[in-house]
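Here's a quick briefing to read with the structure open beside you.

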Amino acid sequence: MNKTIGVTRFPGTNCDFDVFEAIQSLDLTPKWLWYGDHFSFSDVTAVIIPGGFSYGDYLRCGALAAKTPVMNSVREFAQRGLPVLGICNGFQILCESQLLPGTLLPNRDSRFIDQWVELKLVNGCRRFGPESKGVSVRLPVAHGDGRFYMDADGQKRIEDRGQVWWSYQEDINGSIGQIAGVMNENKNVAGLMPHPERAMTSWMGGTDGKSFFTSLF
Amino acid sequence: MDANFETENGVLNSQLKQYRLSLAEYEKIVQVLGRAPKGVEWALFSALWSEHCSYKSSRLHLRKFKYRNDQVLQSMGENAGVIDLGKGERIAFKMESHNHPSFIEPYQGAATGVGGILRDIFTMGARPIALANYLCFGDEKSAKQISLVDGVVRGISGYGNCVGVPTVTGQVEFHSSYKQNILVNALALGLFRPNDPILTSQAKGVGNWVVYVGAKTGRDGIHGASMASEAFGDNAQSKKPTIQIGDPFYEKLLIESCLEVMAQGLVVSIQDMGAAGLTSSCFEMAAKGGVGIKLELDRVPLRDRTLTPEDILLSESQERMLLICEPHRFAKLKGVFERWGLDAVVIGEVVSGRDVDLWWRGESICKIDPRPLVDGAPVYDRSYEPWRVKSRVAQAKLTVLPETDPEKILLNLLQSPLGGSRKWVYRQYDQRVGAKTVRDASESVAVLRLPDSGRALGLVLGCRPHLMRFDAAEGGKDALLYPALELAAKGFQPLAATDCLNFGNPEKKEIMSEFVATVDNLAQTAEVLETPIISGNVSFYNETQGKNITSTPATGVVGLREQVNGIPLSVFSRAGDEVLLLRAPMLLISGLRAEPNAQNTLAATESSILGYGTLSLKRARGLIDCVRQLTQDDLVTASRVVGKFGLAYALARMSLGGIGARVRVGEDRTLFGEWLYEVVLAVPAAMLNRVQATIRSRAEDDLLLEHLGSTGGVDLEIMGRLRLPIKSLRQNYEAVNLHGPTRE
């Protein structure tokens with residue numbers, strides 16, 4: 001099996017090297033996907049959209065990145081049922097690309113938050129991370145716009161269809177239902193505000209991030 | 001006096017005022033040029049001879065920072081100091097002030113302070129991997145102070161987080177002396193991995209091209225350097241137009257693209273455009289390289305077409321770089337920048353001779369040797385008095401404030417903004433981007449893992465203003481000793497330091513005396529610790545309407561440790577460990593208390609600092625070495641240097657992890673006075689003998705070891721003096737929050 005994972009790079013992405021190195025540390029092969037280029041689907045088994053400030057968060061977080069050539073490829077890749085994970089700004093980009101439901105608003109107190117959080121698995125994703133419901137993991141968050149929002153009907157719809165992936169154990173940013181991550185209906189596209197690539201070894205403070213990469217294979 | 005002379009004199013006076021030059025400086029310029037300055041020359045001398053650019057009041061004394069060792073690859077003179085860590089790894093680091101702009105516009109002032117110091121680092125070819133900041137505010141509980149705190153923290157957060165460099169540590173102080181002159185000092189540290197080149201700013205190679213990269217030039221920040229070289233009157237807000245606006249997204253693009261062209265060998269030399277903009281970068285590059293430069297100012301990309309040549313030369317628009325490139329490599333260089341969405345424009349070339357020749361619309365408007373501008377600024381020997389112990393603000397006998405209700409005193413300290421948690425600040429900073437952070441801003445020493453060798457790099461800031469208010473000489477020693485001791489308590493060997501010397505008006509004798517005493521003591525301490533001061537800056541004129549700040553020589557000290565594992569925590573991590581106090585008592589400081597319900601102040605009352613004794617550098621060095629030996633040998637599970645609120649406060653902080661302690665101290669021993677220096681160590685019971693043996697083997701260090709008690713339980717108990725549940729310590733400690741109003 002091809003163990004290559006595509007990692008997108010936009011102007012302003014800043015977790016690109018961290019995700020790239022996390023993948024390498026697990027003896028998998030990362031491959032850069034430049035924002036201005038399309039890519040061939042046979043080259044990569046999965047795509048990860050790392051966090052950061054693509055286009056400086058201008059206009060809206062993720063809005064400009066969603067309109068780039070690489071995201072056209074990602075959209076098609078996802079429509080074929082292939083796995084796509086967006087982390088933090090990557091999650092915002094997937095929402096802006098209409099690949100995931102909902103939107104991410106500024107945190108309730110309008111401030112950036114950096115801290116470790118406990119997460120609970122609401123529904124397993126077929127591709128990324130642990131699968132057994134109720135399991136909890138500890139990962140760092142670092143975001144200014146992490147408040148997941150949908151209207152009440154939308155929230156009921158994604159809950160009914162099992163699209164809520166992770167929830168925060170504690171309300172840190174005002175997200176509806178304390179939602180930290182969601183999936184598309186098909187569960188091959190997933191978005192997560194916390195950063196698994198920052199929890200890869202004990203010296204980082206935890207190793208719960210590993211399974212988000214290894215579970216693909 | 002005839003009318004003509006009077007008019008000429010009036011014109012000269014108004015020119016001097018406009019360009020912030022003194023009559024004596026004018027006369028020196030006339031002497032250098034052999035004639036009166038004309039046209040843009042006025043602006044050039046104004047900028048490059050400003051205190052900010054020329055260090056004219058401090059240069060004489062900064063020469064005392066002369067201690068160097070083999071590890072120093074670059075020091076003062078380049079954009080940042082560089083030290084060799086061995087194994088191919090090298091780091092560049094520097095701290096710089098952005099005080100004046102941050103008071104006028106806190107968000108942009110702080111943000112561009114971060115941006116500027118980052119450019120100093122990646123200009124040399126190092127990838128920035130850490131930021132830290134040293135902040136001082138007034139202690140008034142007013143909307144103005146809160147908005148300054150909030151704006152500065154948001155500015156640092158907004159810029160640092162976006163650009164993708166973690167802010168890993170910091171220090172925040174409150175005192176009335178900073179009310180009209182806040183301090184915002186930003187430190188950046190960059191890493192050269194084994195094959196990365198170190199770049200310099202020396203222009204070289206006649207015929208090479210001068211290339212402008214980055215943001216277009218606008219009207220912002222014109223005359224910023226000379227603004228920062230003046231005291232505030234009652235009109236600080238009128239200086240708003242001299243503030244720069246930062247764009248961290250642009251900076252991120254510059255970091256990636258510049259590091260890429262450097263790695264590909266496409267750059268001869270490079271300099272960022274910081275204070276005094278294009279003028280200082282171009283003049284410094286020519287002067288350092290010993291070559292001439294011809295610049296065509298009309299080729300500079302502009303945001304505003306009405307800018308005059310003088311505006312273009314002095315604009316401090318952010319996120320701009322000037323580099324020298326061989327003509328045949330330009331196409332490739334331009335290609336890299338274009339891939340990142342940036343434009344690279346040739347605006348001049350390196351020419352023979354030594355002159356900088358400035359052209360505008362087909363005419364040479366100024367042709368001048370840059371050396372007198374860059375190196376020929378006047379050097380002032382401002383008057384000062386030699387430091388004596390009698391210069392101390394307050395002297396005391398060996399006494400401390402009464403400690404009749406220690407539980408109440410402790411809880412008050414924990415919930416005051418001085419003694420409380422800084423989480424409300426640092427949680428707004430991304431501390432982990434880059435995936436190297438081993439210990440974040442919640443710890444006393446920030447730790448990063450070096451990716452190639454797996455070794456640990458420690459970073460900690462120094463300078464404790466309460467000691468500077470007591471005695472500038474002792475405070476100057478402490479500004480290096482304390483951070484070095486904090487590093488040692490985590491098993492780090494201190495390697496080198498940077499400093500940011502924030503002082504008041506150097507034209508006042510008492511301020512200059514403090515400055516000289518501080519520099520002398522910093523220099524001696526650096527030598528005794530074998531920790532060279534390799535970069536830094538001086539910020540004078542932190543004065544408003546005659547009132548000066550506490551002299552504040554902020555420092556940043558870097559240390560190295562062989563492994564990332566086994567670093568002692570700053571909280572008790574296991575029950576049943578022995579609690580030890582390792583002491584080299586030399587100086588006792590007392591006088592700090594918190595009155596959290598005081599009406600108008602944020603923080604502590606500082607009745608007046610009482611002090612007794614003098615620091616011996618040799619004895620401090622002995623303590624530092626001994627502590628490091630213990631922590632490197634894995635004998636210690638938790639460690640904390642006893643700081644400004646004394647032993648009880650240090651033990652309380654160590655209990656906040658959830659494991660308490662039961663200790664006994666002498667009945668007459670102060671709980672809240674600070675003995676310089678003491679370190680609390682928690683060691684496994686089985687290691688106790690080895691710890692004692694180590695200390696005995698270092699008898700010449702003259703250290704005292706007290707066995708205080710042991711860890712465990714859910715209370716902190718100092719027998720016969722206080723007993724408090726950790727829960728209430730924590731509630732008080734975490735209650736601090738100086739957030740401004742929430743914006744939805």
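Two residues are in contact when they have heavy atoms within 4.5 Å of each other. With that in hand, look at chain A: of its contacts with a separation of 6 or more, 73% are between residues 24 or more positions apart.

Some ground rules come next. This is a predicted model, where local features need pLDDT of at least 70 and side-chain atom pairs count only at pLDDT 80 or more, while totals for chains, interfaces and linings use all residues. Residues are numbered from 1 along each chain as its sequence is written, chains are lettered from A and ligands numbered from 1 in the order in which they are written, and side-chain values use heavy atoms, leaving out hydrogens and water.

**Chain A on its own**

- Chain A has five helices and 11 strands, counted as DSSP runs numbered from the N terminus (helices are H or I with at least four residues, strands are E with at least two).
- Its C-alpha atoms fill a box of roughly 40 × 40 × 30 Å along the principal axes.
- In chain A, 64% of the 217 residues are buried (buried means under 20% relative accessible area, exposed over 50%, partly exposed in between, with a 1.4 Å probe and protein chains only).

**Where chain B meets chain A**

- On the chain B side 36 residues are in contact with 31 residues of chain A.
- About 2,900 Å² is buried between the two chains, and carbon and sulfur atoms give 50% of that; buried area is the accessible area (1.4 Å probe) that two parts lose on being put together, summed over both.
- In chain B, the residues that lose the most area to chain A are B:Phe249, B:Arg427 and B:Arg432, together 24% of what that side buries.

**Salt bridges across the interface**

- A salt bridge is a side-chain nitrogen of Lys or Arg within 4 Å of a carboxyl oxygen of Asp or Glu.
- The rule finds four salt bridges across the interface of chain B and chain A.
- One salt bridge joins B:Asp430 to A:Arg198, with the closest N and O atoms 2.9 Å apart.
- B:Asp430 is buried at 4% relative accessibility, and A:Arg198 is buried too, at 3%.
- A network of salt bridges links A:Arg9, A:Asp16, B:Arg127, B:Lys252 and B:Glu256.

**Salt bridges inside chain B**

- Over all chains, the structure holds 50 salt bridges.
- B:Arg455 pairs with B:Glu89 in a salt bridge, the closest N and O atoms being 2.8 Å apart.
- B:Arg455 sits in the loop between strands E15 (446–449) and E16 (456–462) of chain B, and B:Glu89 in strand E3 (residues 89–97) of chain B, so this pair ties together parts 366 residues apart in sequence.
- B:Arg455 is buried at 4% relative accessible area, and B:Glu89 is buried at 0%.
- B:Asp150 and B:Arg154 also meet in a salt bridge (3.3 Å, N to O).
- B:Asp150 and B:Arg154 are separated by about one helical turn because they are four residues apart in helix H8 of chain B.
- B:Asp150 counts as buried at 7% relative accessibility, as does B:Arg154 at 11%.
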